[in-house]
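Hi,

Here is the structure for you to look over. My notes follow below it.

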Amino acid sequence: LAKSRSHIIFTDAVLNDTHTVYRNIYQNLLITAAKMDYYIESWGIDVAKNAAFINNTIRQVIRYSHASILRKSRNEVAKANGARCNVQRALVNWLGTRAFYAVFSKRSQRYGACSLLQHLESELSLQRNRGIQGRFRKLVKESAEVLAALGL
């Protein structure tokens, strides 16, 4: 899912303002997090027992999303059409962590008993992330509709 939704049209700074680019990324990651939640539930995974594995998977998904965005912005079609992508890794990391926290915290019965939610929350509250949190406060609030549409 992260790859299919990383099309350059969503992150092109020529077509979109910065707020829209990061909103598109955040909403993509919300959908990705909701799908992961669904898979965890449907497969009957013991979240407490596999918290480290799930956390590592979340980190990989976020890294892959950023790499996929950059790769799409550098392909020949994007270059030929003058596309430009200025997405910063630290911001995508924060948005991804926030997206997974937003989805998983709505399922506290499933995730609250293990360290996974605590780890995501502590990552978001790091000193280096305080400015990012303020920058995206409005974006996160706007994206609440996506959570509602996903039934969360």
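**Salt bridges and a surface patch**

Asp-37 is buried, at 3% relative accessible area. Keep in mind that this is a predicted model.

Asp-37 pairs with Arg-110 in a salt bridge, with the closest N and O atoms 2.3 Å apart. Arg-110 sits in helix H6 (residues 108–111) and Asp-37 in helix H2, so the bridge ties together parts 73 residues apart in sequence. Arg-110 itself is partly exposed, with a relative accessible area of 24%.

Glu-41 also meets Arg-110 in a salt bridge, at 3.2 Å from N to O. Glu-41 is in helix H2 and Arg-110 in helix H6, so this pair joins parts 69 residues apart in sequence. Glu-41 counts as partly exposed, at 46% relative accessibility.

These contacts belong to a network of salt bridges that links Asp-37, Glu-41, Arg-107 and Arg-110.

Glu-142 forms a salt bridge with Arg-23, the closest N and O atoms lying 3.7 Å apart. Glu-142 is in helix H9 (residues 137–142) and Arg-23 in helix H2, so distant parts of the chain, 119 residues apart, are linked. Both partners are partly exposed: Glu-142 at 28% relative accessibility, Arg-23 at 24%. The count of salt bridges comes to 5.

Now the surface. Ile-9, Phe-10, Val-14 and Leu-15 make a nonpolar patch of about 380 Å². Leu-15 lies in the loop between helix H1 (8–11) and helix H2 (18–43). Leu-15 is exposed, because its relative accessible area of 57% is over the 50% cut-off.

Best wishes

Conventions
Residues numbered from 1 in each chain as written. Predicted model: local features only at pLDDT ≥ 70, side-chain atom pairs only at ≥ 80, totals over all residues. Heavy atoms only, no water. Patch = residues over 30% accessible without salt bridge, like charges linked within 9 Å, V, L, I, M, F, W, Y side chains within 5 Å. Areas by Shrake-Rupley, 256 points an atom, 1.4 Å probe, with all protein chains shown as cover. Salt bridge = Lys/Arg side-chain N within 4 Å of Asp/Glu carboxyl O. Helix = DSSP H or I, 4+ residues; strand = E, 2+ residues; numbered from the N terminus. Buried < 20%, exposed > 50% of the residue type's maximum accessible area, 1.4 Å probe, protein only.
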